[in-house]
Amino acid sequence: MSGAAARAWQALGGVVDPEIPVLTVLDLGIVRDVGVVGDAVEVVITPTYSGCPATHVIEEDIRRALAAAGFAEARIRTSLSPAWTTDWMTAEGRDKLRKFGIAPPGACAPSPAKIALFRAEAAGVDCPHCGSTHTERLAAFGSTACKALYRCRDCREPFDHFKPI
Amino acid sequence: MSGEHGSAEHIEYVLRLADNALVLGQRLAEWCGHGPALEEDIALTNIALDLIGQARLLLDHAGRLEGKGRGEDELAFLREVPDFRNATLAELPNSGVASAGAAGGDYAVTIVRNLLFSAYQVELWQALAKSADPELAAIAAKSLKEARYHVRHAADWTIRLGDGTEESHTRIERALAALWPYTHELFATDPLEQAVARHGIGVESAGLRAGWLEALAPTAAEATLALPPDTGFRSTGKLGRHSEHLGFLLAEMQSLHRQHPGAMW
């Protein structure tokens, strides 16, 4: 990797998700490629959810970070395919989420032909506060498109779960 | 009709998909702050957000195919009722067909429509993920994940209401009977669809109906609901001939943009 490319990646490592500020765009796995030609850089990103309002802010923040890192020109290209999956989230990102009080996504199961009901789904989400496996879902939708609301039946704390998609 | 990449048929086909998502997203957004419970308020707003996100991607794509400089905003906010290509089902009021215009919404109507529509979207996005139009295929593959989640929400509630109290059963049964005739349009293949399907860009939606019915059957059974008999009624929203409800929806959705042309967030 060239020095300039390393500098671009380093700058990206400082850009955080405005709604989950412990995660960087690299932790989220939304940066698909970085190309550097001279002092111009092109970053390829993929959106998380189609309607995620954070996407636009993230683009602006990336542009600002790259300018601060000395790139005269920064171009951001959005690539939809392949579609983003939480499987691209880094192990470090998952740890940060847990420490922040959000249960990280489990591995994405291949989509079954028949769509299971929420109620038929095994919980399988560990409490990020006390580690208990004794949890229940309160709501399939949470404070942002990427999260669902859970409660721990041992420590009694509510928590967000980053949904695997 | 030609139907090849970049043809008028291709653009109109993408607009149909975009307008379905946009108009239903706008309808669901009416529940924001009015949901029957906080969790449901948030659920419907999240679903609306996904749909509006899908609509933005599709409108942007349609604008590029058209090549006349119209972007998502021009297409969403500066077209008139006859220009919209959404199926009539998407524009019907949340309060239902019979009590149209009544203030507020009927949750049974909202849930049934979401079930019928998102189950249709799942079939459609699955098929379009293999579209010869790579942009459309990418949007479809992404939207499929979201539509599957929407089905689960609607199916859970359909069962809860259908297999619930006498009142909830009556209400959801009534909603299903009222909305069912509007689903025929979703699966009515017309020359435009045939044209884009010939080029592998779109699909003939009549071929999706069997999978859709199969997907609905277990939910209906558990909800103790019978799927209604088919009727001869055919709505025509996707041809630009809409019900009286779309104009009111667009007036609310478009007024801000029209009062402040070119305004940006």
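How many residues of chain B are in contact with chain A, and how many residues of chain A do they meet? In this predicted model, 24 residues of chain B are in contact with 18 residues of chain A.

**The side of chain B that touches chain A**

Two elements of chain B give two or more residues to this side: α2 (38-66) and α6 (134-162). The most comes from α6(B), with 14 residues. What classes of residue make up the side of chain B that touches chain A?

| Class | Residues on the side of chain B that touches chain A |
|---|---|
| Nonpolar | 11 residues |
| Polar | five residues |

**α6(B) and its contact with α7(B)**

Helix α6(B) also packs against a helix of chain B, α7 (residues 166-183). Their axes are 7 Å apart, and the angle is about 125°. Angles over 145 degrees count as roughly antiparallel and 65 to 115 as roughly perpendicular. The pair α6(B) and α7(B) is therefore oblique.

Which residues make this contact? From α6(B) come B:Thr158, B:Leu161 and B:Gly162. From α7(B) come B:Ser168, B:His169, B:Arg171 and B:Ile172. By class, the residues of this contact are two nonpolar, four polar and one charged.

**The two domains of chain A**

Chain A has a domain 1 (3-78) and a domain 2 (91-162). The C-alpha centres of these two domains of chain A are 27 Å apart. The domains also touch: nine residues of domain 1 of chain A are in contact with eight residues of domain 2 of chain A. On the domain 1 side of that contact, five residues are nonpolar, two are polar and two are charged.

Definitions and conventions. Residues numbered from 1 in each chain as written. Chains lettered and ligands numbered in written order. Predicted model: local features only at pLDDT ≥ 70, side-chain atom pairs only at ≥ 80, totals over all residues. Contact = placed C-beta atoms within 7 Å. Helix = DSSP H or I, 4+ residues; strand = E, 2+ residues; numbered from the N terminus. Nonpolar A, V, L, I, M, F, W, Y, C, P; charged D, E, K, R; others polar. Domains from an automatic or database assignment. Axes fitted to C-alpha atoms, helices over the stretch in contact; angles between N-to-C directions. Parallel < 35°, antiparallel > 145°, perpendicular 65-115°, else oblique.
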